[in-house]
Structure formats: structure tokens, C-alpha cells
Amino acid sequence: RNQIFKLSTGSTDFDKLLEGGIESMAITEVFGESGSGKTQLSHTLCVTAQMPGPNGYNGGKVIFIDTEHTFRTDRLRSIADRFNLDRNGVLENILYARAYTSDHQYQLLKNVGEMLHREAGVFKLLIVDSIISHFRVDYYGRKEMAHRQHRLGQLMARLHKISEEYNIAVFITNQIMSDLNNLEQSDPQRPVGGNILAHASTTRISLRKVLNGKRIAKVYASPNLADSEVAFTITSGGIDN
Ligand code: GTP
Ligand code: MG
């Protein structure tokens, strides 16, 4: 029952990069520039998590915590069509919550923990898109940084507990630093969130846009994955080859 499972990204190459997909009992973080595909990947996972997979995985329900108001049921319908799933069934299996502030986001995760305790085994994926946006607004400037990181650390600890206690894949999106150096194309993008996120995320993947509409996913930090990169595309059916 507590066997680790992996959820497909929708792209075979991306899945290979992850040695199967987004893993349960772990936190997977993707970061990247605006339009790099973080939210589209979140939506695709909402659907693939509901489908049976390798190693006896039967599919399960999804919790989506939305901080940027970018959740789109239309997109979920078109991804459901791609995988020949019932549109309404797919939507009904997603528990959606909008987080309005960083404190609210933290409180929502507390509620999620309590709900998972009551309904063990039903939910397989927890998405937070994005983990950091409210924190960047609510704790602004250098003076607030220690406090922000402390609160972010508490939030990440809560996510860890959820992923391990209930065998859930936790998927979070993160933003990148927008300093001048980073605008140079030769300079790789760097995630925000400092040491707290660096240590809390099990696997960190960077996403970026390249010419001809393609996207690149690259392993940024991982305890076991090779340091390589793959190309993928975004379609109306979600993340694809
Ligand atoms: P931020 O939240 O702004 O940081 O960006 P993000 O990384 O979440 O980007 P998101 O996942 O929202 O990707 C948006 C991009 O996906 C758009 O700019 C389009 O290029 C692409 N996209 C979205 N829908 C479609 C679609 O139906 N077809 C195609 N071909 N591309 C799409
Ligand atoms: Mg987004």
C-alpha cells in the first residue's frame, strides 16, 4: 500500500529524465521563467495522476492549491480528451483551493493534512502553483527575509510530512531570480527561495523556453537523477513530446 509510485509528465522524454515521472513520498520542484510551462505541467499532472500506471498504481485524486489564479478547467477538459478520460470525472477528482495570502496557504495545508488523515489513500498528488508568489509579496525586502524563510521552512516541513505520511507526490512550482546577470542568455536561471527551498525539495527541475516553441527540462538538483536535459512541447492536450 505504501509503495512509491511515479506520475507521468505527459512527455516520454521528460518521464525518462525523471526515471519514470514525479515521485510519491517526495517533493518535486520546477522553476523557470514565465511561460516555461510550470502551470501547464501542473494541469497535465492533475490528469495523469488519475490514470493507472506502472507497479500497480491505480490512479487517485488530486489537490490543487492555486496562488496565482491560473487554474483552468478548460485546459483540464482538453487534457482529459487527449487521454480519453471522462471530462467531468476528471474535474470531480480535483480538489481545488485558492490561496489568497502566505498565511492562508499555510492554513490550507493544515486543513489538507487533516483531510488526508480522514481520507487516507484517496489522494495521490498535491500541487502548489506557486509555492513562493505570496511569500515574495507578504515579506518584502531584506529586513523581512529571515522571517519569510522561517515561515517558508514551516510550510515545506508540512509538505514533507504530507508526502511521507500519506504516500503522496508533492509538486510545487517556483520562480526565478530576475537580476541583471540572469538576463544574459549564457547565465543559467536560478531559483528563488534560498537554502530553505534548496534543502526541502527532493528533486529540482528547471524549465526554459527555446526557439521554435520547444521547452527544455533540466535536472538542477537531485539525489539520484543524472544531470541531463530533454526537450518537450506544450499543446492543448498538455505537456507532450
Ligand atoms: P508563469 O506562471 O507566468 O511563471 O509561467 P508558467 O511557467 O506557469 O507558464 P505556463 O505553464 O502557464 O505556460 C504558458 C505557455 O504555454 C503559453 O505561453 C503557451 O506558449 C503555452 N500554451 C498554453 N496553452 C497552449 C496550447 O493550447 N497550445 C500550445 N501550443 N501552447 C500552449
Ligand atoms: Mg504559472
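Strand β4 (residues 61-66) pairs with β5 in the parallel sense over five bridges, where strands are DSSP runs of E with at least two residues, helices are runs of H or I with at least four, both numbered from the N terminus, and two strands count as paired if DSSP finds at least two bridges between them. Within this pair, V62 stands opposite I94 in β5. The model is predicted, so that local features need pLDDT of at least 70 and side-chain atom pairs count only at pLDDT 80 or more, whereas totals for chains, interfaces and linings use all residues. Residues are numbered from 1 along each chain as its sequence is written, while chains are lettered from A and ligands numbered from 1 in the order in which they are written.

Both strands belong to an open sheet of nine strands with mixed pairing, in the order β5-β4-β6-β7-β3-β8-β9-β10-β11. Because β5 (94-98) and β11 (238-240) stand at the edges with a single partner strand each, one side of each is left without a neighbour in the sheet. From one strand to the next the twist averages 25°. Helix α5 (residues 102-118) lies across β4, β5 and β6 (123-129) and runs at about 165° to β4, with axes fitted as lines to C-alpha atoms, for helices over the stretch in contact, and angles taken from 0 to 180 degrees between N-to-C directions.

Elsewhere in the sheet, strand β3 (residues 26-32) is joined to β8 by five bridges and runs parallel to it, with T28 opposite T203 in β8. Six bridges join β8 to strand β9 (residues 215-221) in the antiparallel sense, and S206 stands opposite K218 in β9. These two strands, β8 and β9, form a hairpin with five residues between them, and N212 in the turn has a positive phi of about 55°. Of the seven residues of β8 (203-209), six are buried, that is, have 20 or more other C-beta atoms, placed from the backbone, within 10 Å of their own.

Leaving aside neighbours within four places in sequence, I127 is in contact (C-beta atoms, placed from the backbone, within 7 Å) with S42, L45, V62, I63, F64, I65 and F171.

Definitions and conventions
Two residues are in contact if their C-beta atoms, placed from the backbone, lie within 7 Å. A residue is buried if 20 or more other C-beta atoms lie within 10 Å of its own, exposed if 12 or fewer, and partly exposed in between; C-beta atoms are placed from the backbone.
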